[in-house]
Amino acid sequence: MPWTGHSGYLMSWRRVDLMKGFLSEVSENYGTFPNYIDGQFTEPNSSKQHVLNPATGRQIASVPLSGEEEVGAAVDAASLAFEKWSERPVQERVQFLFELKRLVREEYENLARIIVQENGKTISEARGEVSRGAENIDAAIGALYHLDGRKTPDISRGIDEEMQHEPLGVFAAVTPFNFPMMIPFWFLPYAVATGNTFILKPSERTPVTMNYLFRKMHERSIFPNGVVNLVNGARETVDALLRNGRIAGVSFVGSTAVAKHIYEECTKRKKRVQAQASAKNFVIVMPDAKLNHSIPNIINSFFGNAGQRCLAGSNLVVMEENHRQVLEKFANAASELRLGYGLSEETDMGPVITWEQRGRVISYIEKGLDAGAELVLDGREGSAEDFPDGNFIGPSVFDGVSVDMAIARDEIFGPLASVITASSLDDAIEKANTSTYGNMAAIYTSDAKSAREFASKVDAGNVGINIGVPAPAATYPFGGYKDSFFGDLHGQGGQDYIQFYTERKVIISRWF
Ligand code: NAD
């Protein structure tokens with residue numbers, strides 16, 4: 001089944017420019033970003049890196065690569081701000097979050113468009129991201145209730161005992177390229193709601209959305225100076241954050257190699273740390289699955305965001321008895337995805353983040369062929385008309401894959417699916433559990449018993465039942481087993497954030 005190279009870009013450049021006229025502040029080039037420290041924009045004295053639009057290949061911004069000095073200034077500002085911020089009652093702190101929610105709602109479409117420009121995903125995926133990010137503001141307002149302590153009168157005769165949560169100081173978050181808005185929001189609202197101050201280091205590949213939003217927050221004076229800070233940069237910036245003794249804790253989301261480094265450095269220095277990492281997700285289709293409903297959902301899991309989600313399906317496990325039927329429907333549906341610039345509503349799949357990443361996906365296709373897997377859909381020639389300089393690559397599907405092949409083992413983070421055949425549910429679960437990762441696993445079935453068994457036996461932190469992207473709502477923690485997570489307390493809401501961002505103090509009292 002050859003890749004036919006659809007182009008989904010049905011809008012002309014002129015039309016896009018006209019739309020930009022309405023959105024006066026969404027631009028084609030955002031210039032060089034300053035840092036945002038202590039309520040002021042400061043130009044770091046450091047080298048810069050270009051930010052490219054993955055669909056057009058054009059430069060859209062420059063990002064400074066901050067070092068020790070800029071990180072030190074941000075920590076000074078956040079430490080100073082902590083003194084007053086932590087003393088505000090939680091009822092007062094959450095009022096600032098209501099303002100932030102209003103701002104995000106007003107900027108909803110602008111934020112979505114910027115995400116498309118810098119990340120390449122489609123506009124509907126970007127809108128979804130903004131909504132999911134904003135949900136965390138709502139959940140963090142729940143700190144009003146979650147910060148309750150406890151008290152036991154007369155724990156002994158005339159003696160009372162109580163426990164209260166106390167904020168710790170300055171927290172930092174280091175975030176990846178694939179969700180430039182949502183992932184910073186897994187941390188920022190919770191850190192400040194619990195009385196801490198915050199420093200964000202966004203991905204140097206997709207820094208535009210958060211730099212834009214911080215500018216808007218500044219214009220509206222959403223937070224007092226120093227409560228939220230943004231330091232642009234890359235590896236050296238992160239190392240400066242890790243070395244800084246006044247940072248109480250670090251949240252990280254990104255690849256496993258970096259997550260391990262961050263976890264080790266933080267634990268060595270007694271910093272709190274939560275590090276969410278890479279994935280290689282298995283999706284199992286049972287013979288009783290309702291294929292008409294399931295296939296579009298599975299396609300979204302594997303090829304949504306061009307396969308660049310940590311919850312993306314990567315290995316599709318099908319049973320021997322209906323292997324051919326599932327494979328055909330899946331590969332056919334994948335071949336119909338329209339590649340294009342995400343700003344067009346007609347686009348089904350955008351480019352991957354960089355030209356190097358496109359090359360990496362191609363190198364995995366070659367590895368699959370060398371290992372003897374059968375390439376039933378070849379996306380290597382996939383392109384988007386009008387965008388010859390974009391990092392486009394079409395969806396690819398391998399059949400006849402075994403779990404020991406590199407294409408089934410390694411995180412590829414692109415639109416490449418491997419079909420693996422299993423003889424039974426137990427065999428499928430066993431195959432899924434060979435992975436060194438454990439971020440997500442999903443099953444498609446009409447049988448509750450199979451679903452229940454799968455959910456309890458599979459080693460993954462986020463499980464989908466007839467859902468291919470089981471992204472937890474903001475009121476639940478974001479799971480991850482094995483090499484997909486380092487730490488104890490997970491990101492997002494649920495109860496984990498209270499434990500992560502506060503210390504428990506126990507007070508025992510007697511009055512004479
Ligand atoms: P990445 O690890 O390359 O970068 C993430 C962040 O770490 C960036 O801010 C980057 O500047 C910084 N960084 C990179 N190298 C560093 C180093 N050597 N030392 C210190 N800091 C460094 O990840 P990415 O490519 O931006 O994102 C994709 C990865 O993130 C994938 O592996 C994906 O599975 C993972 N991810 C995981 C989750 C999850 O919740 N488990 C969610 C989204 C993405």
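Which residues form a negative surface patch? The views below start there. This is a predicted model, where local features need pLDDT of at least 70, side-chain atom pairs count only at pLDDT 80 or more, and totals for chains, interfaces and linings use all residues. Residues are numbered from 1 along each chain as its sequence is written, and side-chain values use heavy atoms, with hydrogens and water left out.

**View 1. A negative surface patch.** Asp288, Glu320, Glu321 and Asp447 make up the patch. Patch members have over 30% relative accessible area and no salt bridge, with like charges joined within 9 Å; Asp and Glu count as negative, each charge being placed at CG of Asp or CD of Glu. Areas come from the Shrake-Rupley method with a 1.4 Å probe. Asp288 sits in the loop between strand S12 (281-285) and helix H11 (291-303). Helices (H or I, at least four residues) and strands (E, at least two) are DSSP runs, numbered from the N terminus. With 31% relative accessibility, Asp288 counts as partly exposed; the classes are buried under 20% relative accessible area, exposed over 50%, and partly exposed in between (1.4 Å probe, protein chains only).

**View 2. Ile295 in helix H11.** Ile295 is part of H11 and, at 7% relative accessibility, counts as buried. Its C-alpha atom is separated by 6.3 Å from that of Phe330, 35 residues apart along the chain.

**View 3. Helix H8 (residues 208-219).** At 1.5 Å a residue, the 12 residues of H8 should span 16 Å, and the end C-alpha atoms are 17 Å apart, which agrees; the expected span is 1.5 Å times one less than the number of residues. Nine of the 12 are buried, so H8 is largely enclosed by the rest of the structure. Among the buried ones are Met210, Tyr212, Phe214 and Lys216. Just after H8, Ser221 takes a positive phi of about 50 degrees.

View 4. Lys216 pairs with Glu219, their closest N and O atoms 3.6 Å apart; a salt bridge means a side-chain nitrogen of Lys or Arg within 4 Å of a carboxyl oxygen of Asp or Glu. Lys216 is buried at 6% relative accessibility, while Glu219 is exposed at 51%.

**View 5. Lys101 and Asp138.** These side chains meet in a salt bridge (2.8 Å, N to O). The pair links distant parts of the chain, Lys101 in helix H3 (residues 90-106) and Asp138 in helix H5 (residues 123-141). Lys101 is buried at 18%; Asp138 is partly exposed at 40%.

Notes
Patches are made of residues with over 30% relative accessible area and no salt bridge: like charges are joined within 9 Å, nonpolar side chains (Val, Leu, Ile, Met, Phe, Trp, Tyr) within 5 Å.
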